[in-house]
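Reader: I would like to walk through this model feature by feature. Give me the general idea, then the case at hand.

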There are 2 protein chains.
Amino acid sequence: MFASLPKPEDNAMGNAPLEQNKIDLEVDEVIKLDREQKTIATKAGKKFFYEKVILATGSNPIMPPVKGLDKAGVYPILKEMGYLKELKEKLSKAKNAVIIGGGFIGIEFADEFSAIRGLKVSLVELLPHLLLNSFDPEFGQMVEEKIKAKGVNLVLGKKVVEAVGDKSVTGIKLDDGNVIPAALVVLGIGARPSSELAKQAGLTLGRGGGICVDEYMRTLDPAVFAIGDCAEKKDFFTRRDLPVMLASTATAEARVAGASLFQLKVVRENKGTIATYSTYVDGLVLGSAGLTEATAKKEGFEVVVGLAEVTSKHPANLPGTVKIKLKLIFSKQSGILMGGQVFGGLSAGEIINIIGMAIQKRVSATELETLQMATHPYLTAAPTQYPLVLAAQSAIGKL
Amino acid sequence: MFASLPKPEDNAMGNAPLEQNKIDLEVDEVIKLDREQKTIATKAGKKFFYEKVILATGSNPIMPPVKGLDKAGVYPILKEMGYLKELKEKLSKAKNAVIIGGGFIGIEFADEFSAIRGLKVSLVELLPHLLLNSFDPEFGQMVEEKIKAKGVNLVLGKKVVEAVGDKSVTGIKLDDGNVIPAALVVLGIGARPSSELAKQAGLTLGRGGGICVDEYMRTLDPAVFAIGDCAEKKDFFTRRDLPVMLASTATAEARVAGASLFQLKVVRENKGTIATYSTYVDGLVLGSAGLTEATAKKEGFEVVVGLAEVTSKHPANLPGTVKIKLKLIFSKQSGILMGGQVFGGLSAGEIINIIGMAIQKRVSATELETLQMATHPYLTAAPTQYPLVLAAQSAIGKL
């Protein structure tokens with residue numbers, strides 16, 4: 001939020017919630033987990049005994065094998081205050097910035113950067129469209145229009161081959177030979193589980209490098225839990241490794257681990273993780289939950305798609321009305337909802353959570369078609385036009 | 001929308017959707033349904049044969065047994081263009097207006113009327129709080145503050161005993177003897193099913209006067225369907241008669257009837273009706289789905305309540321952040337969600353639909369506690385503060 005909030009500190013949570021709950025805080029780096037002794041050792045030379053330990057070591061940004069990315073002025077996404085302050089300081093002097101990666105991080109940086117006067121912003125994505133990991137192309141295209149309208153130089157389908165410059169970066173060279181001038185480069189191409197500590201302690205890692213956990217977030221050692229980006233995720237539909245790293249997933253896992261530390265109070269159904277995202281570009285909202293049409297097909301599912309295009313208020317001549325576009329993906333044989341994508345105004349941020357709830361409860365197209373929902377002229381589409389219902393109807397026509 | 005949209009015509013749907021679908025439209029009044037001959041007769045003397053007939057005769061406003069309500073200037077809620085134009089015309093000349101009834105209709109009229117310059121608006125409600133049929137008192141109180149802040153003279157816990165005046169109404173007399181001056185009176189105290197035609201045709205009516213229908217919206221005569229306000233509703237939790245009249249319920253019923261006219265294509269689960277509403281007062285939104293705490297207790301359910309108060313964006317210093325207050329009602333033994341109420345910004349209009357979906361799929365508190373949801377700084381509460389999850393947690397603490 002480089003434009004929206006004046007200082008990085010404005011976005012810091014602080015330690016108050018910990019203090020209120022009488023939790024001791026040690027700011028230090030853990031260098032060893034000894035599962036036999038049940039101790040952890042820190043860089044500052046301290047040692048702590050544990051009864052139960054929860055690994056929440058997060059993730060590290062992926063550094064692609066591209067020449068020159070170690071130059072000054074290249075910023076992978078680190079959530080550290082000093083680092084963010086430096087980036088912000090650098091940004092205030094830069095005349096041009098390049099963002100590498102057209103996922104959520106990339107487009108939100110591009111949106112925020114584009115509001116900074118005098119800064120020329122470029123966004124480079126290897127794939128032919130933005131957001132292709134979470135959205136079908138027709139949704140990414142809507143963001144592309146928005147981003148371009150904000151004056152961002154959008155470069156799709158091009159590979160970055162070098163960060164050029166002396167000590168500091170001065171430009172980004174593409175595989176077509178062009179060099180985009182850049183005093184500052186942001187790298188947003190994803191992250192990998194930070195599971196080195198667990199690996200050294202002999203815990204099992206999944207194929208994607210995440211720490212293997214059971215239904216209750218326990219590793220193979222029942223005294224050691226792992227949650228968040230460092231823990232392995234299993235897909236809700238296929239149980240395959242899922243490279244999803246979301247704060248909302250992490251908090252859900254934290255609640256399970258917290259409730260299961262000393263006793264398993266609740267039998268947890270093995271549901272797996274669904275990816276549920278939302279993003280915001282210049283007043284417009286995109287949300288995705290579950291599988292995209294492309295991902296579902298790639299996984300081998302036979303699917304049928306339902307579409308709806310409606311208005312966010314009714315009648316549509318009410319001030320502030322915007323278009324809502326909704327796509328639902330159903331399993332063809334069973335009619336079960338597998339995924340959804342929405343494009344709309346602010347309300348789309350919660351519409352995607354209705355879809356998320358429906359996926360988690362395995363709602364069918366025929367159930368959605370007769371969904372009982374609240375509608376209101378100022379707040380939603382008309383009752384005859386409610387997008388989830390219309391999209392379900394459109395899918396049923398093809399089932 | 002007397003202030004928000006300039007003309008009643010702006011809110012009319014028109015006949016285009018019918019014409020597009022090649023549906024013949026006869027504007028006339030049906031005076032007889034002959035189930036033996038399979039005909040309907042109209043006031044204009046026409047007769048139509050039918051294979052199947054769908055009764056969608058709607059509802060009529062309740063006229064309380066109060067003296068003088070037949071005077072000119074008293075307006076029950078009729079959805080007729082000429083009538084609305086007359087009301088709007090009258091309104092432009094009136095100096096004071098009284099709204100009788102503090103439900104959704106009443107508060108939305110009060111909100112719209114209060115934006116009209118030079119009009120003194122009073123709202124009279126018999127019960128001690130606004131919206132008591134759909135919300136627990138603490139939510140109605142929030143609307144009371146809003147309504148009062150807009151300059152509305154709010155009169156709670158008082159009964160209207162007479163509409164005074166000569167031919168035209170000039171004031172509303174209360175049971176404490178006070179008379180509120182009124183050149184215009186709006187009556188919004190509810191409606192009754194308009195089922196006279198069905199009754200005359202020998203069809204069964206429920207205790208509330210609605211036409212009895214089965215799972216597929218068929219009356220006892222399989223050639224006659226009934227949908228919307230004129231059809232009986234059964235409560236989702238108790239299967240008792242439910243006096244709910246919502247456009248969203250009606251459209252869901254219409255879809256079931258439409259799909260079931262000649263063949264029952266889908267086995268429909270007997271779910272019953274849940275009341276899901278949202279309303280909007282001066283930028284703030286209230287939503288309710290399922291049972292309130294008071295209604296659930298009155299029905300004999302042992303319940304436990306979960307509460308959450310969070311902000312609509314995170315961090316809360318982002319511009320446009322408002323408070324969200326959420327209440328969830330769970331069955332104490334089973335932990336199943338029975339109802340929810342939300343107060344917040346525009347996003348609350350869809351938050352209530354997440355709750356509605358959760359009720360319809362019988363989600364438990366422990367499932368909600370680990371709900372996977374999309375969160376975003378501009379669009380939702382923080383992942384650690386997502387209101388449905390927090391409220392579920394707060395309930396689990398009491399289970």
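Author: Start with a loop. In this predicted model, Lys22(B) sits in the loop between α1 (16-20) and β1 (30-34) of chain B.

Reader: What is the phi of Lys22(B)?

Author: The general idea comes first. Most residues other than glycine have a negative phi, and most peptide bonds are trans. Lys22(B) is not a glycine, yet its phi is positive, about 55 degrees.

Reader: Is Lys22(B) buried or exposed?

Author: Count C-beta neighbours. Lys22(B) has 6 inside 10 Å, so it counts as exposed.

Reader: Which residue of chain A has a positive phi without being glycine?

Author: Leu131(A), with phi near 60 degrees. Leu131(A) lies in the loop between β8 (120-125) and α4 (137-149) of chain A. Leu131(A) is buried, because 27 other C-beta atoms lie within 10 Å.

Reader: Now the peptide bonds. Where is a cis bond in chain A?

Author: Between His314(A) and Pro315(A), with omega about -5 degrees. Pro315(A) is placed in the loop between β18 (303-311) and β19 (323-331) of chain A. In chain B, the bond from His314(B) to Pro315(B) is cis too, and omega is near -5 degrees. Pro315(B) belongs to the loop between β18 (303-311) and β19 (323-331) of chain B.

Reader: How do I read burial for a whole helix? How many residues of α3 (104-113) of chain B are buried?

Author: Take the residues one by one. In α3(B), seven of ten residues are buried, and the helix is mostly covered. Among the buried ones are Phe104(B), Ile107(B), Phe109(B) and Phe113(B). Asp111(B) is also buried. The cover includes β7 (96-100), β8 (120-125), α4 (137-149), β13 (184-187) and β16 (276-281) of chain B.

Reader: Which domains make up chain A?

Author: Chain A is divided into domain 1 (1-50), domain 2 (61-189) and domain 3 (277-396). The C-alpha centres of domains 1 and 2 of chain A are 30 Å apart.

Reader: On to the interface. How many residues does each chain give to the contact?

Author: Chain A gives 55 residues, and chain B gives 55 residues. On the chain A side, α6 (247-260), β16 (276-281), β17 (284-290), α8 (348-360) and α9 (365-369) each supply at least two residues. The largest share comes from α8(A), with ten residues. By type, the chain A side has 27 nonpolar, 23 polar and five charged residues.

Reader: How do α8(A) and α8(B) pack?

Author: Look at the axes. The axes of α8(A) and α8(B) come within 8 Å and cross at roughly 10 degrees. That makes the two helices roughly parallel.

Reader: Which residues of α8(A) and α8(B) meet?

Author: Recall the helix geometry. An α-helix has 3.6 residues a turn, so residues three or four places apart point the same way. Here Glu350(A), Ile351(A), Asn353(A), Ile354(A), Met357(A) and Ala358(A) meet Glu350(B), Ile351(B), Asn353(B), Ile354(B), Met357(B) and Ala358(B).

Technical notes
Residues are numbered from 1 along each chain as its sequence is written. Chains are lettered from A and ligands numbered from 1 in the order in which they are written. This is a predicted model: local features need pLDDT of at least 70, side-chain atom pairs count only at pLDDT 80 or more; totals for chains, interfaces and linings use all residues. Two residues are in contact if their C-beta atoms, placed from the backbone, lie within 7 Å. Helices (H or I, at least four residues) and strands (E, at least two) are DSSP runs, numbered from the N terminus. Ala, Val, Leu, Ile, Met, Phe, Trp, Tyr, Cys and Pro count as nonpolar, Asp, Glu, Lys and Arg as charged, and the others, Gly among them, as polar. Axes are lines fitted to C-alpha atoms, for helices over the stretch in contact, and angles run from 0 to 180 degrees between N-to-C directions. Angles under 35 degrees count as roughly parallel, over 145 as roughly antiparallel, 65 to 115 as roughly perpendicular and the rest as oblique. A residue is buried if 20 or more other C-beta atoms lie within 10 Å of its own, exposed if 12 or fewer, and partly exposed in between; C-beta atoms are placed from the backbone. Domain bounds come from an automatic or database domain assignment.
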